[in-house]
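My entries follow in the order I looked things up.

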Amino acid sequence: MSVKTIAGVEVNVSEEGYLEDMSQWNEGIAKEIASEIGIELTPKHFEVLNFLREKTEAKEGLTIRSVGKSGIVNIKELYALFPKGPLKFSSKIAGIPKPTSCI
Amino acid sequence: MSTEKKPLEKVCLICAKGSLEDVYASLVMANGAVMEGIETNVFFTFFGLDGITKKAMNHLHTATTGNPAMRMPGGLPFPTMLGGLPGVESAVSGMMRKQMEALDMPPVDEFLEMITAGGGKIYACKLAVDMFKLEKKDLSDEVSDIITIGEFYEMCDGDRTQIIFT
């Protein structure tokens, strides 16, 4: 674990850059992590991010399938929003732990 | 010595068997690769074709005879004689599918859609398709093409490519 300053806020991050404490997250942090990955966030991105955060708070396991059934985006749209990392990148930007699901 | 990481860029999977667990092994690995941003091609051949044949793909079975890893619920060994009784294989396979669904593993048709939604490609083996007297219309709509193994190998170029046979 290390401390990193993202968008002017000191946050605890894992070796791979995932936030250790999701309550330290804010939209500015999301935007900065996203731009490091090369993604520019739109309101649709934030809908997905908020969904991921709600599910994580409720301690529900996340899969791209569950996001695809959320009513926010289908799986193809999810890939379009977070290319090459539909669950990995979205989780990192949402300030939640690295996904442990294989699906 | 260089410590530079050389991540996989392409994964090519060959699914040649049609049991529930063989097809799902291929699908999970393919979908996992797509989710990691790795270019993914899957080639279904021989009995593996059941995994992309409309009529069969959502009714795959797991073998209840000749499968030493098969257990009764609770962990007791599964008697081979029991596995051969009519209906047992269907019932066991149905139970397996239910348990997989509980882990958010989708049915085969939906799994194929997930893979192609992320840009993964699904192919059928021409030789096997001819042998089983199938046509393109018998196969899942997610199948890009019916190709020869030679054509599949052409897709497996690149020095960060792995071919996985299940």
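**Helix pair.** I began with the crossing of H1(B) and H4(B), which is left-handed (the near helix is turned anticlockwise from the far one by less than a right angle; clockwise would be right-handed). Helices here are DSSP runs of H or I with at least four residues, strands are E runs of at least two, and both are numbered from the N terminus. The residues in this contact are Val23(B), Leu27(B), Ala30(B), Asn31(B) and Val34(B) from H1(B), with Val108(B), Phe111(B), Met114(B) and Ile115(B) from H4(B). I count two residues as in contact if their C-beta atoms, placed from the backbone, lie within 7 Å. By class, I find eight nonpolar, one polar and no charged residues there. Ala, Val, Leu, Ile, Met, Phe, Trp, Tyr, Cys and Pro count as nonpolar, Asp, Glu, Lys and Arg as charged, and the others, Gly among them, as polar.

**Ground rules.** The model is predicted, and local features need pLDDT of at least 70, side-chain atom pairs count only at pLDDT 80 or more, and totals for chains, interfaces and linings use all residues. Residues are numbered from 1 along each chain as its sequence is written, while chains are lettered from A and ligands numbered from 1 in the order in which they are written.

**Geometry.** The axes of H1(B) and H4(B) are 9 Å apart, at an angle of about 25°. Axes are lines fitted to C-alpha atoms, for helices over the stretch in contact, and angles run from 0 to 180 degrees between N-to-C directions. The angle therefore makes H1(B) roughly parallel to H4(B) (under 35 degrees; over 145 is roughly antiparallel, 65 to 115 roughly perpendicular, the rest oblique).

**Cover on H4(B).** How many residues of H4(B) are buried? I get seven of its 10, so the helix is mostly covered (buried means 20 or more other C-beta atoms within 10 Å of a residue's own, exposed 12 or fewer, partly exposed in between, with C-beta atoms placed from the backbone). Among them are Leu112(B), Thr116(B) and Ala117(B). The cover includes H3 (64-68) and H4 (75-81) of chain A, plus H1, S2 (39-44) and S3 (121-125) of chain B. After H4(B) I noted Gly119(B), with a positive phi near 100°.

**Chain contact.** Chain B gives 12 residues and chain A gives 13. On the chain B side, H1 and H4 each give two or more residues. H1(B) has the largest share, four residues.

**Core.** The largest nonpolar core has 59 residues, and Leu78(A), Ile52(B) and Ala124(B) have the most contacts inside it. Such a core is a set of buried Ala, Val, Leu, Ile, Met, Phe, Trp, Tyr and Cys residues joined through C-beta atoms within 7 Å. I then checked Leu78(A). Beyond four places in sequence, its contacts are Val48(A), Ile64(A), Val67(A), Gly68(A), Val73(A) and Pro86(A).

**Leu139(B).** Where does Leu139(B) sit? I found it in the loop between H5 (126-131) and S4 (143-147) of chain B. Leaving out residues up to four places away, Leu139(B) touches Ile52(B), Thr53(B), Lys54(B), Ala124(B) and Leu134(B).

**Chain B overall.** I count six helices and five strands. Of its 166 residues, 32% are buried.
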